[in-house]
Amino acid sequence: MTKSDRIQEVELIQLLRDRNRRGMEILYDNYSAVFYGIIFQIIKIEAISEDILQESFVKIWSNISQYDPAKGRLFTWMLSICRNNALDKVRSREFLTSAQNQNSERLVSTENPSLTTSFNPDLIGIRDVVDNLDPEYKQIIECLYFRGFTQSETALKLNIPLGTVKTRARTAIMKLRQSFSQIKTG
Amino acid sequence: MDLKEYISSGVVELYAMGGLQPSEKREFEQRLLLYPELAEELEKVREGLEVFTGAYSKNPRPALREMILGKSNTAGGKGDDPGKLLQVERSHTLTYKYLIAASLAALVISTFASWFFYSRWDEAEDRYVTLFNEKNQLAQNYNLVKNSFDKTYADMMLMRDENVIITQLNSTDTTHHYQARVYWNRNTGETYIDILDLPEPDQGLQYQLWAVTDGTMTDAGVFTPVPEMGMQRVKNVQQPSAWAVTLEPTGGSQVPTMEHLMLHS
C-alpha cells in the first residue's frame, strides 16, 4: 500500500468507528469486490457467498473497535474476517451436506480468475501474472489459502513432502511478489 | 537461530495463509515480537497475497449494495431493516438481554435465598441455645438425683449390713417424742447418727453424741439436726454399751453437761 492509502485507511477506521454511513459506503465501494472475490473463491456458490459477504460486512462494522492497527493493516484484518467466515461456512456440517454434489467440482484447482471476475482495468496485469503462475504453485496457494488446509493436509492432498509445502509456498509468493513489483514499476 | 534461514523456509508464507500447525504458529508469533525483520517480511508476504487476492475480485450483484448498507444501520444499532442479518444481530442482543435478565433473576433469587437461609440460621441458632440450656438443666437435675440416690443407696446398704448394730435413742423428757438412731459397725467402729426428730438448738449450742464405754462417757462427735440429710457420719467408737445425746456449746465439750441430756438409749 502507498502512503496515501495508509492515510485513507486511518480516516476510514475513524469513520467506521464513528459508525458514519459514508465510511460504510467507502468501505463497501472499495472492498466489496475483493471480499466477494475471496469468499466466492472459497465457497463457489453465489447465493451462499452473498450471505457470507453480508455477514462479513456486519462483522467488520460491529467489531471495528476490536481492530488493533499495531497488529497489521485494516485490509489484512478485514480480509481475514471474510476468509475465516467463508472457511467456517465451508467446513460447517450444513454446508458439507447441502454442497455434497458440488464438492467434487470444488476440489478442482483454482479457476482462471479472468473467467470469473468482472472487468476491472487495474487488475489486468495482475490477472495475467496469476494466470501464468505454474500449476504447482497455484495449487499450493489454492490448498492453503482458499481451502484453509494445514501444511500437513496440503502435503497429503498434493502428495508431496511436508518440507516441499513450505518451500513451494515461499516460491509461489516470491514469484507473485516479483511479478507484482514489475507491474508497479513497469 | 538464523533468521534468514527461518524466513527462507517458507514459514512466513505459511503463517500468512494460515497453514502452520498450532505449535509452529505460536513459535512464529513469539519470534514476530522479537525480530522486526520478520514482521517486515510478513508484511511483504501479506501484501503479495492481497494483490493476489485482488486478482480474484468479483463484483457482487448491484442489489446487494443497498441490502448490505442497510445492515450497517443495524450494526450501528439504529436500523429497522428486518433481514436475515438483522436477525443474526438481534439474536446477539437478545442473547445479551437474556444474559442480563438471567443474571438479574439469579441476583434476586440469591438475595432471597441469602435472606431465607440467614433467617433459618438465626432461628436454628436460637433453638440451639435453648436446647443447650435445657441439656445443661437436665444434666444438673440428673446430678442432683444421682447424688441423692447415691446417699440413699449408701444409707440403705448401711442398714442392711449385718455387722451394723442399730440403737434407738429416745428423749429423756417424756413429754416430747424426740428420737434418733445410731448405726455402729462392730468390725470397723464406724458410727452414723440418723436424726428422726430433734428441735433446732439455740444460738451457740450444738448436739453432741456420747458413747458409754466401760462406764465412762466418750465423745463421739457433734452434729446438726437436718432430718432430710439422712445419716450423718460421726467419730469412730470402740465397744459402746450405751449412747447419749446432750446439748453443748458449739464445737462440743470434753465432758457431757448432764442437765442438758436430750436423748439416751
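Across all chains the structure holds 18 salt bridges, a salt bridge being a side-chain nitrogen of Lys or Arg within 4 Å of a carboxyl oxygen of Asp or Glu. This is a predicted model, in which local features need pLDDT of at least 70 and side-chain atom pairs count only at pLDDT 80 or more, while totals for chains, interfaces and linings use all residues; side-chain values use heavy atoms, with hydrogens and water left out. Residues are numbered from 1 along each chain as its sequence is written, and chains are lettered from A in the order in which they are written.

**Salt bridges to select**

Select Arg177(A) and Glu41(B). Their side chains meet in a salt bridge, 3.1 Å from N to O. Arg177(A) lies in helix H11 of chain A and Glu41(B) in helix H4 (residues 36-54) of chain B, so the pair joins two chains. Helices (H or I, at least four residues) and strands (E, at least two) are DSSP runs, numbered from the N terminus. Arg177(A) is buried at a relative accessible area of 18%, and Glu41(B) is buried at 11%. Buried means under 20% relative accessible area, exposed over 50%, and partly exposed in between (1.4 Å probe, protein chains only).

Go next to Asp155(B) and Lys151(B), a salt bridge of 3.0 Å from N to O. The two residues are four apart in helix H6 (residues 84-160) of chain B, which puts about one helical turn between them. Asp155(B) is buried, with 12% relative accessibility, whereas Lys151(B) is partly exposed at 34%.

Then pick Lys235(B) and Asp219(B), whose closest N and O atoms are 2.5 Å apart in a salt bridge. Lys235(B) sits in the loop between strand E6 (231-234) and strand E7 (242-249) of chain B, and Asp219(B) in strand E5 (residues 216-223) of chain B, so the pair ties together parts that are 16 residues apart in sequence. Both count as partly exposed: Lys235(B) at 43%, Asp219(B) at 24%. For a network, select Arg21(A), Glu25(A), Asp29(A), Arg65(B) and Glu66(B), which are joined by salt bridges that share partners.

**The interface of chain A and chain B**

Show both chains. The contact (heavy atoms within 4.5 Å) takes 59 residues from chain A and 50 residues from chain B. The two chains bury about 5100 Å² between them, 62% of it on carbon and sulfur atoms. Buried area is the accessible area (1.4 Å probe) that two parts lose on being put together, summed over both.

The rule finds 10 salt bridges across this interface. One to display is Arg21(A) with Glu66(B), at 3.6 Å between the closest N and O atoms. On the chain A side that touches chain B, helices that each supply at least two residues include H2 (21-43), H3 (46-63) and H11 (162-185). H2(A) gives the most, with 13 residues.

**Helix H9 of chain A**

Select residues 135-146 of chain A. Nine of the 12 residues of H9(A) are buried, so the helix is largely enclosed by the rest of the structure. Among the buried ones are Tyr137(A), Ile141(A), Glu142(A) and Phe146(A). After the helix comes Gly148(A), with a positive phi near 70 degrees.

**Strands of chain B**

Finish on strand E1 (residues 164-171) of chain B. E1(B) pairs with strand E2 (residues 179-185) of chain B in the antiparallel sense over seven bridges; strands pair if DSSP finds at least two bridges between them. Thr167(B) stands opposite Val182(B) in E2(B). Two bridges also join E1(B) to strand E8 (residues 261-264) of chain B, again antiparallel. There, His264(B) is the bridge partner of Asn170(B).
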